[in-house]
Amino acid sequence: MSTATAETIDADFGGASAPGALTDGFHLLIDALKLNGVETIYNVPGIPITDLGRYAQGEGIRVLSFRHEQSAGYAAAAAGFLTKKPGICMTVSAPGFLNGLTALAHANTNCWPMILISGSSEREIVDLMQGDYEEMDQLAIAKPLCKAAYRILHAQDIGIGVARAIRSAVSGRPGGVYLDIPASLLGQTMDAIEGERSLVKVIDPSPAQIPGPDAVARAIDVLKDAEKPLIILGKGAAYAQADDEVRALVEKSGFPFLPMSMAKGLLPDDHPQCAAAARSLVLKEADVVLMVGARLNWLLSHGKGRQWGEPGSKKFVQIDIEPREMDSNVEIAAPLVGDVGSCAKALVEAMGDDWRKPSGAWTVAVSSKVQGNVEKMASRLQNNSTPMDYYAALGVLKQAIKERPDAVLVNEGANALDFARSVIDLYKPRKRIDVGTWGIMGVGMGNAIAAAVETGNRVLAVEGDSAFGFAGMEVETICRYNLPVCIVIFNNNGIYRGDDVNRSGGADPATTVFVEDSRYEKMMEAFGGAGVYATTPDELSRAVSEAMDSGRPTLINAVIDPAAGKESGNIGSLNPQSVVAEMRAKARQT
Ligand code: ADP
Ligand code: TZD
Ligand code: MG
């Protein structure tokens with residue numbers, strides 16, 4: 001075999017290869033990704049993938065370099081959610097790989113397709129633990145944290161390896177896939193014509209999964225007898241991109257619907273059947289619940305407990321692509337295993353012409369509760385006090401999104417998350433990306449960058465000051481690529497609140513408190529973006545409008561009353577201490 005320099009390979013590969021020309025692992029990998037429609041790679045360069053990024057950029061893939069792999073990974077995960085194609089994150093070996101791994105596990109937990117491609121050290125040295133540069137058995141470490149993990153050792157296997165990674169990520173329940181790329185693979189050469197032939201285009205990577213007719217009939221039997229039915233839409237329904245089918249199901253059924261946070265906007269939050277503002281009522285009172293791409297996990301109290309009313313008072317129908325999701329927490333009376341679009345379509349067809357919508361008593365009870373709660377909230381949003389509380393600031397942001405329904409809302413924090421979720425309405429599908437199933441802090445910058453890159457739309461990132469701090473350096477990335485991202489930091493000087501005290505009376509600040517009145521906006525100014533310090537709803541409103549209209553990278557430091565938040569936002573009861581206190585209170589009562 002003759003040897004080839006990078007230059008000759010570059011010149012020879014692509015297009016019709018001349019007989020005798022060579023290709024290498026770098027180019028085979030890039031061409032395999034391109035053949036399968038990969039347009040963007042989120043990465044941090046370094047040995048052995050620096051040239052991979054360079055060549056990929058040279059071949060027309062958009063390669064975005066981040067300041068930390070975790071953000072690159074979160075961006076890839078969000079890209080998977082937004083596009084229904086695997087988001088690609090690329091990292092160096094051991095430490096870079098580990099930095100990206102949290103994001104891969106996050107994608108997997110959220111059922112989003114993502115592929116983490118990491119360079120790795122010499123197999124022979126790693127396996128004998130002889131101490132190679134950044135030595136680590138990455139494949140073994142990735143395996144328990146993702147849906148599938150593969151390693152490619154030979155250039156001629158790159159095509160099939162990439163195909164396996166893509167199909168594994170997007171088929172069935174989507175998830176995270178790890179692809180291990182030893183440094184030596186990238187430099188391997190082979191005949192260019194044979195190389196081209198070895199590439200594999202994945203045909204129909206996520207085939208429709210159609211529910212069985214008996215399962216549809218069983219579901220209809222349960223749904224038609226409901227007196228107080230409810231639909232819960234989850235982020236799996238948003239991911240499925242079956243927006244018309246989901247809308248048809250909701251409207252044909254006439255059932256009130258409750259969107260989980262990232263399903264907001266799948267149908268507009270101001271839709272007459274939307275029960276978001278009557279959450280407690282519908283969860284407690286409903287007798288039949290149709291789950292659509294949503295799990296009965298902690299976010300829904302596992303489908304049981306006080307929130308769900310009398311034990312045994314509900315029947316569940318569940319649409320999910322993953323058969324094992326059924327009966328995971330409570331009994332599912334009618335499981336519908338299939339993709340959201342096919343299942344929704346089958347249900348609508350089976351409802352037929354004589355479908356009877358639920359009684360007025362139920363739908364009116366729900367809509368009047370919604371109306372009452374919306375009015376209550378409206379008065380809170382008018383609050384003009386200084387410093388601002390969450391509602392005062394969010395009233396402004398609610399309006400900003402209402403005027404720009406195509407903008408993507410990114411959201412993280414504790415109170416900054418919980419208040420924003422309940423206040424800011426969304427009007428279109430997949431316009432909200434947040435902390436997901438794990439409630440991870442630090443996803444916001446990656447989410448915002450992916451949202452801007454993948455949709456081309458304006459992005460509003462509503463960030464707790466703590467949440468922002470996990471990945472704040474990515475403001476440089478936002479400026480470098482000149483992305484239309486407006487970050488609003490809800491600056492309450494800390495985690496949950498900014499007014500806690502050191503219980504020892506010592507000089508160190510309390511564990512949840514940050515530097516008072518930090519000037520985060522200067523971080524954006526440092527890289528050429530716009531920084532604004534806003535203390536009133538008017539100042540905030542002006543700054544947000546300007547940022548969203550201009551598309552200029554902007555960071556608005558919105559000063560929030562340090563005493564306005566609650567410990568852990570809405571989920572304070574999950575703190576062990578609170579649970580103990582609750583048990584004590586219960587014991588006292590009995
Ligand atoms: P949420 O947090 O919004 O309640 P979850 O992430 O808990 O949503 O649930 C999403 C569910 O959607 C998962 O159980 C996943 O298997 C399922 N899912 C993902 N894609 C599809 C699809 N195309 N069709 C059907 N179900 C899907
Ligand atoms: N680390 C990671 C990766 N995820 C987490 N969820 C946490 C730590 C714990 N945590 C939360 O659950 S919310 C939060 C942390 C540190 C920050 C809350 O403070 P904030 O928001 O400033 O972002 P508010 O408005 O002050 O509540
Ligand atoms: Mg805070």
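1. The donor residues of the magnesium ion (ligand 3) follow the spacing D-x26-N-x1-G in sequence. In this predicted model, the ion is coordinated by Asp-465 through OD, by Asn-492 through OD1 and by Gly-494 through its O atom, at 2.0 to 2.1 Å. Asp-465 belongs to helix α20 (residues 465-469), whereas Asn-492 sits in the loop between β17 (485-491) and α22 (521-525), so the pair ties together parts that are 27 residues apart in sequence.

2. Helix α17 (residues 390-403) packs against helix α23 (residues 537-550) at an angle of about 30°, and their axes are 9 Å apart. Since angles under 35 degrees count as roughly parallel, this is how α17 and α23 are related to each other. Their crossing is right-handed. On the α17 side the contact is made by Ala-392, Ala-393, Val-396, Leu-397 and Ala-400, which meet Pro-537, Leu-540, Ser-541 and Val-544 of α23. By residue class, this contact of α17 with α23 comprises eight nonpolar residues, one polar residue and no charged ones.

3. Helix α17 also packs against helix α18 (residues 415-423), here at an angle of about 50° and with the axes 10 Å apart. That angle makes α17 oblique to α18. The crossing of α17 and α18 is right-handed. The residues that meet are Tyr-390, Tyr-391, Leu-394 and Lys-398 from α17 and Asn-415, Ala-416, Phe-419, Ala-420 and Val-423 from α18. They divide into seven nonpolar, one polar and one charged.

4. Two cis peptide bonds deserve a look when the backbone is checked. One joins Ile-47 and Pro-48, with omega about 5°, and Pro-48 is placed in the loop between β2 (40-43) and α3. Another joins Thr-386 and Pro-387, with omega about -5°, and Pro-387 is placed in the loop between α16 (360-381) and α17.

5. Helix α3 itself spans residues 50-58, and its buried residues are Leu-52, Gly-53, Tyr-55 and Ala-56. Just after α3 comes Gly-60, whose phi is positive at about 95°.

6. Positive phi values are also found at residues other than glycine. Cys-111, which is not a glycine, has a positive phi of about 60° and is located in the loop between α5 (94-109) and β5 (114-120). With a relative accessibility of 15%, Cys-111 counts as buried. Arg-430, again not a glycine, has a positive phi of about 55°, and its place is in the loop between α18 and β15 (432-433). Arg-430 is buried, with a relative accessible area of 14%.

7. Asn-447 is part of helix α19 (residues 444-455) and is buried, its relative accessible area being 1%. If neighbours within four places in sequence are left aside, the contacts of Asn-447 are with Tyr-74, Ala-78, Val-410, Ile-433 and Asp-434. Phe-316, by comparison, is 131 residues away from Asn-447 in sequence and 33 Å away in space, taken from C-alpha to C-alpha.

8. Not counting residues up to four places away in sequence, Arg-552 touches Val-485, Gly-528, Gly-529, Ala-530 and Ala-547. For one of these, Ala-530, the separation from Arg-552 is 22 residues in sequence and 7.2 Å in space, C-alpha to C-alpha.

Methods: Residues are numbered from 1 along each chain as its sequence is written. Chains are lettered from A and ligands numbered from 1 in the order in which they are written. This is a predicted model: local features need pLDDT of at least 70, side-chain atom pairs count only at pLDDT 80 or more; totals for chains, interfaces and linings use all residues. Side-chain values use heavy atoms; hydrogens and water are left out. Donors are N, O and S atoms within 2.8 Å of the metal (3.2 Å for Na, K and Ca); water is not among the atoms, so sites may look incomplete. Helices (H or I, at least four residues) and strands (E, at least two) are DSSP runs, numbered from the N terminus. Axes are lines fitted to C-alpha atoms, for helices over the stretch in contact, and angles run from 0 to 180 degrees between N-to-C directions. Angles under 35 degrees count as roughly parallel, over 145 as roughly antiparallel, 65 to 115 as roughly perpendicular and the rest as oblique. A crossing is left-handed if the near helix is turned anticlockwise from the far one by less than a right angle, and right-handed if clockwise. Contact means heavy atoms within 4.5 Å. Ala, Val, Leu, Ile, Met, Phe, Trp, Tyr, Cys and Pro count as nonpolar, Asp, Glu, Lys and Arg as charged, and the others, Gly among them, as polar. Buried means under 20% relative accessible area, exposed over 50%, partly exposed in between (1.4 Å probe, protein chains only).
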